[in-house]
Amino acid sequence: ELARRGWELVLAECAMRGLGASSALYSVKSDDEDLPFICVSGTAGEEAAVAVLQAGADDFLVKGKLARLSLAIERALREAAERKARREAESATQRSEERMRAVVESMGDTMFTTDLELRHDRIFGRRATPSGFASTRLLGRNATEIWGEQLGAAMQAAMQRVSIAAPSLRGSWPSSRG
């Protein structure tokens, strides 16, 4: 049944014949980790409830005391949707970062970001290797330390002006050097 997909929630008896709650939970979560799983039992004790919750069940309810069943279902569905959305957003961010890294790595330039003190905190590009020019000359230093007093001071001043004008860019100012 799980292979058909399309389920929005699993509501399972904790003490099913031939299939315990932990086995059922494992089957459900290995097929779809976002599928909400609520365990219900009239016989399982507190230890069994704790064990199934620690194993990943969204909730545990006692038969005969199902007044909060609808709330438990609503919460489980909402939390599952939030987990799925968060995972999809993280995946999209990772794909975007991978694409950006591929673009930057294909360029001949070295690009960097700075921290709030305008010290280079990340370096990208072909020269940004652990033993290369970028890491030994740029990382942890500001423009004046890298390029000397005159050019470095001008670069530092430009980054400060942009940082003040666009507060959302503070700490992530991108620059490049070919």
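A salt bridge is counted here when a side-chain nitrogen of Lys or Arg lies within 4 Å of a carboxyl oxygen of Asp or Glu. This is a predicted model, in which local features need a pLDDT of at least 70 and side-chain atom pairs count only at pLDDT 80 or more, whereas totals for chains, interfaces and linings use all residues. Residues are numbered from 1 along each chain as its sequence is written, and side-chain values use heavy atoms, with hydrogens and water left out.

**View 1. The protein chain as a whole has six helices and eight strands.** Helices (H or I, at least four residues) and strands (E, at least two) are DSSP runs, numbered from the N terminus. Read from that end, the elements follow the order β-β-β-α-β-α-β-α-β-β-α-α-α-β. Of the 178 residues, 29% count as buried, where buried means under 20% relative accessible area, exposed over 50%, and partly exposed in between (1.4 Å probe, protein chains only).

**View 2. Strands β1, β4 and β5 form an open sheet with parallel pairing, in the order β1-β4-β5.** Two strands are taken to pair if DSSP finds at least two bridges between them. The edge strands, β1 (10-13) and β5 (59-62), each pair on one side only. Neighbouring strands of this sheet are turned by 25° against each other on average, direction ignored; axes are lines fitted to C-alpha atoms, for helices over the stretch in contact, and angles run from 0 to 180 degrees between N-to-C directions. Strand β4 (residues 37-41) is joined to β5 by four bridges, and I38 stands opposite D59 in β5.

**View 3. Helix α1 (residues 21-31) lies across β1 and β4, and runs at about 165° to β4.** Helix α3 (residues 69-106) also packs on the sheet, where it touches β1, β4 and β5, and its direction makes about 170° with that of β5.

**View 4. A salt bridge between E13 and K63 brings its closest N and O atoms to 2.4 Å.** This pair links distant parts of the chain, since E13 belongs to strand β1 and K63 to the loop between β5 and α3, 50 residues apart. E13 is partly exposed at 22% relative accessibility, as is K63, with a relative accessible area of 46%.

**View 5. D34 is placed in the loop between α1 and β4.** At 12% relative accessibility, D34 counts as buried. Contact means heavy atoms within 4.5 Å; leaving aside neighbours within four places in sequence, D34 is in contact with A80, R83, K84 and R87. A network of salt bridges links D34 with K29, E33, D58, R83 and R87.

**View 6. Confidence in the protein chain is lowest in strand β8 (residues 175-177), at a mean pLDDT of 47, and highest in α3, at 90.** The pLDDT is the predictor's confidence in each residue, from 0 to 100. Over residues 173-178 the pLDDT is below 50, and this stretch has 19 contacts in the model beyond near neighbours in sequence. Where pLDDT is low, the predicted coordinates should not be read in detail. Averaged over the protein chain, the pLDDT is 79, and 81% of the residues score at least 70.
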